[in-house]
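The structure is shown first, and the points follow by topic.

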Amino acid sequence: MGDFAGAGQAIGLELWRIEKMVPTKIDVIDGKLYQGDSYILLSTAKSKYGNAMEWHIHFWLGSETSQDEAGVAAYKTIELDDSLGGAPVQHREVQNHESDLFLSYFKQTGIEYLPGGVDSGFNKVERDVYRTRLLHCKGKRAVRCTERPVESGSLNKGDVFILDMGLELYLYNGCNSNKYEKTKGAEMVQKINNERGARCNITFIDEDPHNGAFWGALGGEIEVTDEGEDDEAAAAAAAGQTRLLHINDSSGSVDVTEVPRNDKGQYTRDMLDSGDAYILDTGSQIFVWTGKGASKAEKKESMVIAAKFIEQEGRPNFTPVERVVESGETSMFKSFFFQFDPPMTPQMMKAATSAGVAAMPDQRPIDMAALHNQQAAETPVDDGNGTLQVWRVEDFKKADVAAEKYGQFYAGDSYVLLYTYNDDRGRESYIIYFWQGKDSSKDEVGASALLAKELDDQMGGAPVQVRVVQGKEPSHFRQLFKGAMIIHAGGKASGFKNRADEDTFDDDGVSLFHVRGSNALNVCGIQVGETAAYLNSMDCFVLVTPTNVYSWHGTGALPEEVESADKIAHILLGHTYGPPGTAPPAREFVSVAEGSEDEEFWGYLGGKCEYAQQPPDMPAPSEPRLFHCTNAYGSFQVEEVVNFTQEDMLDDDVMILDVGTTVYNWIGSGCNAEEKSKAMETAQEYNRTAQDGRDPDIPIVEVKAGSEPLLFTQFFPGWDPAFAEKNKFVDPYEAKLAAMRAEKAAAGGAEEPMPEPVKPAAPGAPALNPSGGFSSTSTKFPYADLSSGCPDGVDPTKKEQYLDDGEFQAKFGMSLAEFDKLAAWKKKKMKQQLKLF
């Protein structure tokens, strides 16, 4: 085995540095890597699917390593791979651009880049000498960065460009460029800057449109009038530029030839010969595929050729290279092939294939029968009557939860639960659940997983560990609380002492809980905003006030929901709001049927307003089902999303919501035309082929992301009207741009520019929100009117946005832009105090 004798036989990490063209093992792995060297890192772990070992090999290239050391690292990686039977996954890592997997090995120590390195006998890369180049960022979903001639005529209005002049970087955003291109441009600028030790000066042409150095390097300033190529057409053209290269040594030497596409312009799975190796060039990433029967020379040369290919094409040194093996291809690799992994049917499985060639079956239409069939419900391991212990994560430790509080969770916290029961053979068995609230901090989420593992280790590995995310609780988890699971807003502060967090509790004594479920055991109450807009006729709600606890029953609520709402209401009679130790007030239980509410009830919700109501002559909706529609992997696919929440609404795709009486087609802002049209066809065919007795002509309603009506949002407990706005794809670009501007301002000693104020609408101009008739927030109302009720046309969940700038500053002590940056719980608390919630 030569340089790697005994490697990969024990679980853990092994590290070699290339010294004098030979891998030399490093005994201490402390995250310290020399910038002038190349390394090989081997990770050995036990497979999750048995007792076999699984390996990952990373060859790491320092920013100042020599070409010979980099080449030796690539060759020796293949040798190490061969010594382990060709089973490892290989990764090429470049300084400052390491993969998440590589970085995960150094969580405890971090990575430290040290200057210098071992002299290889060849010249190192000359420092601070760079070739001037102009990078063009274009596309929608998949943005490609390509090099263009360094001249002003290369610019257009529809795309993003980066002028790279070594330690001077210029970012040019065309006035019609899309958010994806802007994000990619910002990412590229940051990557280049990081690669050069964060020493670059970054200039945004948006802020300095007549910059002399920028236009001078391009040959002179011009008025850019070229609109640029259509993004969809460019994407199709870019797909056509993807190249598949065949590596073959049958002639005695390694030959590289390009593989032609089929007559439809596609690459297919059967083009990959199991006896050879291939390189797939996607423009932004390089994949190396090796068949099961590829020779050692082909395996070795494929990675070396990929490295040379990057250099010859003038690609950035950090261009990702990923090696995949036959039968172990990643989803990303498969997406560049037509139907690489189609659904398998018994008939297809019987089909014969030619030796040494991976077969590629024909594309299949959407299986409507499969869509109509409800996915089988999970079978709980028992009836939930075993023994339960619950801990809350506080300061990275387990803190006991009082038994009378079991079933009550806070969305800002994480918990560890140990459930003990007897299996069907009478043996004592264990399940460790670690529940993570949707607003829990990252350190608490991470601590919950570590504490669960610690508990597992203490019990000798006997328990089964189950990660549970708020809103995605399995049936057995909710069953433990017998229909009385409650999720409160707020929670304990982060364990990090340098965080500006503090414990948060809904301490005004008023809270509203949405109670929903499909049976008596999986019903759950989730705290929502304290406004009538959250009510809906199909469910139950519990309203807690300082004097009463109301159990409100919608006309269409299930009997199980009514029973659970009453149970939850009785539990909350004695619930304390505010810091620990606060005594609960004396409250009375009040049962309220929809339509029989009194003025006091509406008063606690800020006044009666529009909510999703069920007309008496309309049939009740059925249990809602959500389907995800996408063509992101080459063909249009539809898949059901079980136990769904608002977080499952993917803005780049189309979602179909079936409620029996209506089918909603939810259109994400980033979906493409084919997804939109195919989803409509699917909805129509779905209605036509349904076997549940529905009218095939029931309405199909198109709903746009961010403009959802109440009749749609009622099927998503705790729907956040601001969710789409907060999770827009443009946010990463704005965040990156703001960070770069702040860094640049800090480096130059200048103050960060303030955001531009929102311009009010012209007097008398119509300003309506298509989501349901609410007035635009550019229409302003006096604080007195907003705090005492809900004026006509005002969205009750966004009252504060209807204040003019001066009154907002006076009441909140900050601007609206500053307010928007606060944590959700802080905003809620301030709105409650000002009677704007």
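The second largest cavity holds about 40 Å³ of space, where a cavity is a set of points on a 1 Å grid over the protein atoms alone at which a 1.4 Å probe fits but cannot get out. The model is predicted: local features need pLDDT of at least 70, side-chain atom pairs count only at pLDDT 80 or more, and totals for chains, interfaces and linings use all residues. Residues are numbered from 1 along each chain as its sequence is written, and side-chain values use heavy atoms, with hydrogens and water left out.

**Cavities**
- Two cavities of 30 Å³ or more are found in a search of the whole structure.
- Thr531, Leu605, Gly606, Gly607, Cys609, Cys790, Pro796, Lys799 and Phe837 line the second largest cavity; lining residues have an atom within 4 Å of a point.

**Asparagine 548**
- Asparagine 548 belongs to strand S28 (residues 548–553), strands being DSSP runs (E, at least two residues) numbered from the N terminus.
- Asparagine 548 counts as buried because its relative accessible area is 11%, the cut-off being under 20% with a 1.4 Å probe and protein chains only.
- Beyond residues up to four places away in sequence, asparagine 548 touches Leu543, Arg587, Glu588, Val590 and Glu600 (heavy atoms within 4.5 Å).

**Cysteines**
- Cysteine 137 is buried at 0% relative accessibility, and cysteine 609 is buried at 18%.
- The structure holds zero disulfides, a disulfide being a pair of cysteine sulfur atoms within 2.5 Å.

Terms used. On a 1 Å grid over the protein atoms alone, a cavity is a set of points where a 1.4 Å probe fits but cannot get out, and a pocket is an open set with protein on both sides within 12 Å along at least five of seven lines; lining residues have an atom within 4 Å of a point. Grid points are joined across faces, edges and corners, and a volume is the space filled by probe spheres set on the points. Helices (H or I, at least four residues) and strands (E, at least two) are DSSP runs, numbered from the N terminus. Buried means under 20% relative accessible area, exposed over 50%, partly exposed in between (1.4 Å probe, protein chains only).
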